[in-house]
Amino acid sequence: MIDPIVRSAVFPEPELPDSREFIDRGKALAKTWGIGHSEFLQANGCSSEAEYKRFHIRSGRIMQHAQIGYRDPSRSLAACSEIYESCLARGVTVDRYGICLDWSMGFPEKIRKSRMKGTGLILEKTEDFVSLSNAAPVASHYGDFVLGFPAALENTRHALSAGATSIGNLGQYFTFRLPNWEEDVTTTASTISALALMAAQPAEVLVHSNLDDGFAAVFQDLACALGIVLIETYLVEDLLGGTVSHCYGHHYSTPVVRHAFHKALSRISHRPGTMVYGNTVAYQGTDAQNYASLAGYLLVDIQAQRETPSGHAINPVPVTENQRIPDIGEIVDAQLFAHRMVEQSLAFQPVTDSSEVDHTVERLVAGAQQFKNNLMAGFEDGGIDIHDPLEMFLAIRRIGGKKLEQLYGPGRFDPGMRKRCSIVLSDTVRSIDRAVERNLERLEGFDSNQLSGSRLKIIVATTDVHEHGKMLIEGIFGRLGISVIDGGVSTDPRTLAKTAENRDADAIALSTYNGVALTYFQQLKDELMEAGTDIPVLIGGRLNEIPAETDTSLPRDVTSDLEALGAVVCRHFHDAVPCLAELAQTGKNRQPGMPP
Ligand code: B12
């Protein structure tokens, strides 16, 4: 069992600023920054998207969501009108657009230009937000890289001015880190002011939180993922007077679990949901194979909406999403596909039996409540002021999902395994365990004893929030007898090089997904050189990048550049084997007696 938390470890600073100051700043700004003109609200005669959603909960119509965010703003603008028009021409209404900003938008505007960029959309001024949001009568949802970042207040003002009445993404506050940005108090202050600004609007503004962007992607127990809903509701509604709305879906693959989570969420949350995200981790094949996955999760989501309407729009993610950012025609196809599924799914209703779903719902709801109660009691015992928003936000973020789950999860602690059992095991853990086995099978013919006796120590880290590659590599290394040094998630190159130096590692295994592979590797190489640590860097994940100073929206594959710079590029785990085998012979930590 891990030690309970103590205030001085969570807040080493002598004093924290007063939450009141940030709440007052947000409230004061509401006098000048209100909800601007929205084609969507005007066309539908509503004061907010929440009102529109409540209307369709009653009407029984299932709403549709599409995600948009090309680097090139004019392409994003064209996408907003083209998708709406093309779908409408075939009798399909797209209700909302999730505007996918680039992660560099999380930085305050005055320093943004000099910071590392991802592959998403960059909007420079209020007018850019306004024209994008009003390109079609579709609700614009600024879901990513607004709340939870140092530019939270700035971007929330822009989004409100553009008539957006659902803004997020609170889940990202807890888990996402911007490169080379350590100031979490500033990030928290900006987020609290933005939440206060939203709460002070005359119409209802939904604080969107995608659970999968938050801790749901790392918790083993889905009861904890549901418990976070209760905790975020306490933070946003009880402490700050706002309205929070939750989204889930990327990592929910098993139909019973997906449906049960929806019902359990509807039981504990009475606000209209923003959208249910596509089960994107299921997209692992060709377009045709991915269509089967699309149909599979949509059917669950449609039936869930019919049985327990919650206002969540369904999100048909284009089948090309696992290869690249989908183009406009592919988004339209997915929307048409979803609408046809809605029509056809009616006939499936008599075939389904919900007893297993209902049993899971009961366990999830009870577990979630227990998680929240344990956390509140544990925080109070540890000296955290549970009535202070800044302390609560910061403590949850600093402690992190894995530790929170170990400390307060509702499952029994298993001393043998040295971790908690899960009330409902997450699909993420299930699928990573399966992937570990599959990858080990592919090593057939390779004598893994070479590695198990080698005493190699390898740092495993990520450049960004995508952590499943890291979990997979750790799982495989564990089975091969390689010692894992945890290099962290969203780790900056300098920190990683320092860890390599201090821990005398044999190599670094790096997983990267955000389209920064080349820039990051170059920086890491420089830092390693400075630290005098010339060890191999194995790199896998999504090895692409948008070339600097271009307007293109498409990232370029940088595999050959990485190879030319000396990286060990791993498209699959087995690409790492020759390097690992060599390290077993020559690495600093090889077993004594092994030939150099
Ligand atoms: C799950 C997921 C998420 C989850 C991550 C949860 C978590 N905590 O890990 C969430 C929802 C949080 C997320 C967020 C985002 N995501 Co995302 N995500 C994915 C998704 C669906 C799967 C990636 C994954 O984890 N795969 C599991 C691994 C185990 O499988 P694999 O990739 O096949 O790995 C194999 C090899 O690559 C290799 N490998 C991987 N790493 C390593 C390392 C070493 C050393 C070795 C040897 C091998 C190796 O081993 C595996 C087995 O062979 C992909 C799309 C897709 N289907 O790939 C998008 C994707 C990676 N995401 C993307 C984006 C844009 C984002 C966001 C920026 C979106 C947003 N606007 O919010 C944010 C990131 C924000 C941030 N601050 O970093 C883009 C990246 C675009 C690009 N680079 O071209 C993708 C490709 C989706 C897309 N097409 O647009 N995402």
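Author: Two strands are said to pair if DSSP finds at least two bridges between them, and helices (H or I, at least four residues) and strands (E, at least two) are DSSP runs numbered from the N terminus. This is a predicted model, in which local features need pLDDT of at least 70, side-chain atom pairs count only at pLDDT 80 or more, and totals for chains, interfaces and linings use all residues. Residues are numbered from 1 along each chain as its sequence is written.

Reader: Over how many bridges do strand S5 and S6 pair?
Author: Strand S5 covers residues 206–210, and asparagine 210 stands opposite cysteine 247 in S6. The two strands pair in the parallel sense, and the number of bridges is five.

Reader: Which are the edge strands of the open sheet?
Author: The open sheet is formed by six strands with parallel pairing, in the order S1-S2-S3-S4-S5-S6. An edge strand here pairs on one side only, and this holds for strand S1 (65–68) and strand S6 (243–247).

Reader: By what angle are neighbouring strands of this sheet turned against each other on average?
Author: Axes are lines fitted to C-alpha atoms, for helices over the stretch in contact, and angles run from 0 to 180 degrees between N-to-C directions. With direction ignored, the average for neighbouring strands of this sheet is 30°.

Reader: How far apart are the centres of domain 1 and domain 2?
Author: The protein chain is divided into domain 1 (7–356) and domain 2 (433–586), with bounds that come from an automatic or database domain assignment. Taken over C-alpha atoms, the centres of the two domains are separated by 31 Å.

Reader: How many residues does each domain give to the contact?
Author: Two residues are in contact if their C-beta atoms, placed from the backbone, lie within 7 Å. The contact takes 14 residues from domain 2, while the number from domain 1 is 18.

Reader: Why does the ligand lie between the domains, and which residues come nearest?
Author: Domain 1 and domain 2 both give residues to the shell around the ligand, so it lies between them. A residue is near a molecule or strand if its C-beta atom, placed from the backbone, lies within 6 Å of it. Of the 46 residues around the ligand, those that come nearest are Asn322, Asp464, Gly469, Gly540 and Cys570.
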